[in-house]
Amino acid sequence: MRAATAFFGALLLVAALGIGWWSPVERTEPIAVSSIPSTPPAESAAPGPQPPASPGIEPVREEPVEVAAPETDADIFTTTANVRLRSGPSSNFGIVWTAPAGTRVRSLQVDGNWHFVTTAEYEGWIYNRYLQPAGG
């Protein structure tokens, strides 16, 4: 049994040496991982237009950013009763929150008779019957 264990241990050592997992000699030179340099070469200061770094790749162009329309009085409503904010524009959708009467909301979107509104903490859909303009 001891002979089999010694043979198996020697076999593992030979295999580890053969495939490079273990080396009894410490390496002094670093192992080359890749031929690609980790930093790009310094660009020349040659005048004139420079060709793109990689053919077929276009530089990113900045797109204009859309700015939200300013809040107007037409967007602000108050609730006329305790009303449920729903997760969609129908009474079949789940209730997000019940807004007390007199809650100020901002309408962001209208879908038929339903307004998508936001409050300081919640957003959801309210049927238009329960909203009145904030100024009126």
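Two residues are in contact when heavy atoms of theirs lie within 4.5 Å. The structure described here is a predicted model. Its protein chain has 136 residues, of which 18% count as buried. The chain holds 1 helix and 7 strands, and along the sequence these follow the pattern α-β-β-β-β-β-β-β.

**Whole chain**

- The protein chain exposes about 11,400 Å², and carbon and sulfur atoms supply 59% of that area.
- Among contacts between residues at least 6 apart in sequence, 45% join residues at least 24 apart.

**Threonine 78 in strand β1**

- Strand β1 covers residues 76–79, and threonine 78 is part of it.
- Threonine 78 has a relative accessible area of 12%, and because buried means under 20%, this residue counts as buried.
- Setting aside neighbours within four places in sequence, the contacts of threonine 78 include Gly102, Thr103 and Arg104.
- Threonine 78 is also in contact with Tyr130, Leu131, Gln132, Pro133 and Ala134.

**Nonpolar core**

- The largest nonpolar core has 8 residues, namely Phe77, Val83, Leu85, Ala99, Val105, Val117, Ile126 and Leu131.
- Isoleucine 126, one of these core residues, touches Val83, Leu85, Val117 and Leu131, among others, when residues up to four places away in sequence are not counted.

**Glycine 94 in a loop**

- Glycine 94 lies in the loop between strands β2 (83–86) and β3 (95–99).
- The relative accessibility of glycine 94 is 39%; partly exposed covers values between the buried limit of 20% and the exposed limit of 50%, so glycine 94 counts as partly exposed.
- Not counting residues up to four places away in sequence, glycine 94 touches Leu85, Arg86 and Ser87.
- Arginine 84 and glycine 94 are 10 residues apart in sequence, and their C-alpha atoms are 9.3 Å apart in space.

- Leucine 12 is partly exposed, with a relative accessible area of 48%.
- Together with Phe7, Phe8 and Leu11, leucine 12 makes a nonpolar surface patch of about 450 Å².

How values were computed. Residues numbered from 1 in each chain as written. Predicted model: local features only at pLDDT ≥ 70, side-chain atom pairs only at ≥ 80, totals over all residues. Heavy atoms only, no water. Helix = DSSP H or I, 4+ residues; strand = E, 2+ residues; numbered from the N terminus. Buried < 20%, exposed > 50% of the residue type's maximum accessible area, 1.4 Å probe, protein only. Patch = residues over 30% accessible without salt bridge, like charges linked within 9 Å, V, L, I, M, F, W, Y side chains within 5 Å. Areas by Shrake-Rupley, 256 points an atom, 1.4 Å probe, with all protein chains shown as cover. Salt bridge = Lys/Arg side-chain N within 4 Å of Asp/Glu carboxyl O. Core = buried A, V, L, I, M, F, W, Y, C linked by side-chain atoms within 4.5 Å.
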